[in-house]
Amino acid sequence: MNITLKPTETFRGDFSTRNSDAAILRFPFPFPEDVYMYAVNIEPHVPGGPTEAFTAAFDIDEHYIGECHDRALTLIDDPARCQVLPHMMEAEWDTLELLMESLAKDYPTLFTLTKDGDIWRWQNHPLGIDQTFSFGQPETLPYPPFEYITRQVQGDFTIQDHRDNNLYMDGGMVTSQADWSLNFDLGMSFHEWHGPVPVAHELGVFDRALAYLLRLQYGKPVRRLNWTLTVNPRLDTSPENYPLWGPDKATITPENIREKMCLRVELQTLTRLPRSNAILFGIRGYLIRLEELVRVKKYAKRMHRVLRDLHPEIVEYKGMPRYRQMIIDYLAPFDDGEILSSGTQPDQTSL
Amino acid sequence: MKARIQNIRSLSATIKHITLAPDAEDSFPAGAAGAFILLEIPGPGRVWKNAYSLVSGAGRRQYEIIVRRVAQSRGGSAWLHDHAEPGQLLEISGPANLFPIARAAQKHLLLSAGIGITPFLSYLPVLQRQNAAFELHHCCKLDEQEVFRPLLPKAPNITLHGSRNSLDLMTLLSAQKLNTHLYVCGPEAFMDVTIAAAKRIGWPDAKIHEESFGGATGGASFIVKLARSAMELHVAEDQTLLEALEDAGLAPPRMCRGGACGVCELPVLGGLPDHHDHYLSAAARAAGKSIMTCVSRAKTPELVLDF
């Protein structure tokens, strides 16, 4: 994959981040149909999909350097964004091995992993890191193994322990979340941490999803997409920092909505880890401003239809009531009512 | 992936220890305590897919398995005993684990019989390294004691029983403290007796673990008739209904392949489905009017689907 990494970018303050044409065309658009409802929309995470974002095990894109920098800033203010319970040390090494091997394989020009028995050398060229360490010996790394590697990968991660026929969120690195807190959810079971989600419990979605995930097999990762809306391309929309970003919602006007309102999509991956039998949950977030999104004709039309007909409880849960109508008004002129192809591929190769 | 047979060692007339090494890659995916692999074993007219526990820990340079020759074996274990030789290439799956060590347990009680010792051979180094509290009791026939003895470390908490009768199951299970986890692996009768005893004296389900290879090995074969496609297909023992449809060139609806998403549901017009999914409600299962093709099979020799 040929990627040009942007050297500097901000996801706070002046929000200098922008998506290139290539980034817009590879965006993982989440709506395969004109109507959206919760479902167990899980599929095998195999290379390839509707856009290039589905090619690698863990997707790296042009925002890599800026996102890693933003994570470091968040951790300085609040180290509790990365926590792992003590019994998960084996899962920490599993995660480090999986991420290093995947990145070195999928992006050989960006990352190099060299092994001599248990002595490993990790080179992260974009971040200028060259680290030699002993696999299995935490004291040979500057951070615990899970924190060490997830500081160098885009997206949030949690690790789920599998016991008593349930999954427990017993660790995570969470600095770019859509308003949920690792510090609050740490140690919770599957249904507990999904407690706040409306409608889906009644549909039995979580019972089925848990039953499925308990059978998740090593070497057969799965993925799903989730989405919400965020004002400004801000990665850290955490409950802890609500005072910093909550007021942004009140700044939306019909004039600035095209630039400020972002569709936030999470490409979620679930991977069984080999030694610990834990599950690594990757939450790879993508932000796109409405004015960027509408450059793909199909996405503009479908987004308009989905928001126009969205279930009221989902509108409420995703925090949209204040500006939903403004978005619909902005998108409506792009929608000529044309019948759209099923699926999420952009149906155009340039902008 | 391809694996090369590196070494074969006879432990007895009917038990062989086989070492596999990666063919193309320089290492296998990491195995884990309790994990198994599927071996594709060539046979006349078809390929057998047999599951074998890895008996060594997390090594990636090689996988080790122990294979007992099953009496009246049609393929599989008989081929491994009679025809397998170092240097041969076999197709194997990556490791899967349906029998992991429960990390939160304060003590582990491991009970095995016969060839059921195999998953525990991968447990032992892990439990010993973690200084975990555990007890292993292995039962075998008197004349096989010397086969199994060299496989087990000498330790006061590891006991070899020359017959099932020398293990006082009730006393052992009753004496365990709260938050001990029980692991059972062996012939079906041994597992049934042991688990029934544990449940009778009040062991909670969540603390009883039994080795099973789940749906990984398929089930009995059956015929599926497709009303709309006007086709009749044979679903083999080691094939899912969904795979049979796909192999026939059809494109049935499917997604998760694990019985959870509900996408592959097809209406049943005749025959009784054997449900293995987590999607259909108890009432829908009982009605038998639809089937999840990715995991479910047939209780009747024939199944008729509206597809």
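The model is predicted, so local features need pLDDT of at least 70 and side-chain atom pairs count only at pLDDT 80 or more, while totals for chains, interfaces and linings use all residues. Residues are numbered from 1 along each chain as its sequence is written, chains are lettered from A and ligands numbered from 1 in the order in which they are written, and side-chain values use heavy atoms, with hydrogens and water left out.

User: Which salt bridge joins E97(A) to chain B, and at what distance?

Analyst: A salt bridge here is a side-chain nitrogen of Lys or Arg within 4 Å of a carboxyl oxygen of Asp or Glu. Between chain A and chain B the count is three salt bridges. For E97(A), the partner is R60(B), and the N to O distance is 2.6 Å.

User: Why does the span of helix α3 of chain A agree with its number of residues?

Analyst: Helices (H or I, at least four residues) and strands (E, at least two) are DSSP runs, numbered from the N terminus, and the expected span of a helix is 1.5 Å times one less than its number of residues. Helix α3 covers residues 89-106 of chain A, so its 18 residues should span 26 Å. The end C-alpha atoms agree with that, being apart by 26 Å.

User: Is R223(A) buried or exposed?

Analyst: Buried means under 20% relative accessible area, exposed over 50%, and partly exposed in between (1.4 Å probe, protein chains only). The side chain of R223(A) forms a salt bridge with E43(A) at 3.2 Å, N to O. This pair links strand β1 to strand β8 (residues 222-231) of chain A, 180 residues apart. E43(A) is partly exposed because its relative accessible area is 30%, whereas R223(A), at 4%, counts as buried.

User: Which backbone atoms does the side chain of N97(B) reach at 3.0 Å?

Analyst: N97(B) sits in the loop between β6 (89-92) and β7 (107-113) of chain B. With a relative accessible area of 11%, N97(B) is buried, and its contacts include Q217(A) and N277(A), not counting residues up to four places away in sequence. At 3.0 Å, its side chain reaches the backbone oxygen of A33(B) and the backbone nitrogen of F99(B).

User: Where does Q152(A) lie, and what is its relative accessibility?

Analyst: Q152(A) is found in the loop between α4 (145-150) and β6 of chain A. Among the residues it touches, not counting those up to four places away in sequence, are Y64(A), C68(A) and W122(A). Q152(A) counts as buried because its relative accessibility is 3%.

Technical notes:
Contact = heavy atoms within 4.5 Å. Polar contact = N/O pair within 3.5 Å; in protein donor to acceptor, adjacent residues only side chain to side chain.
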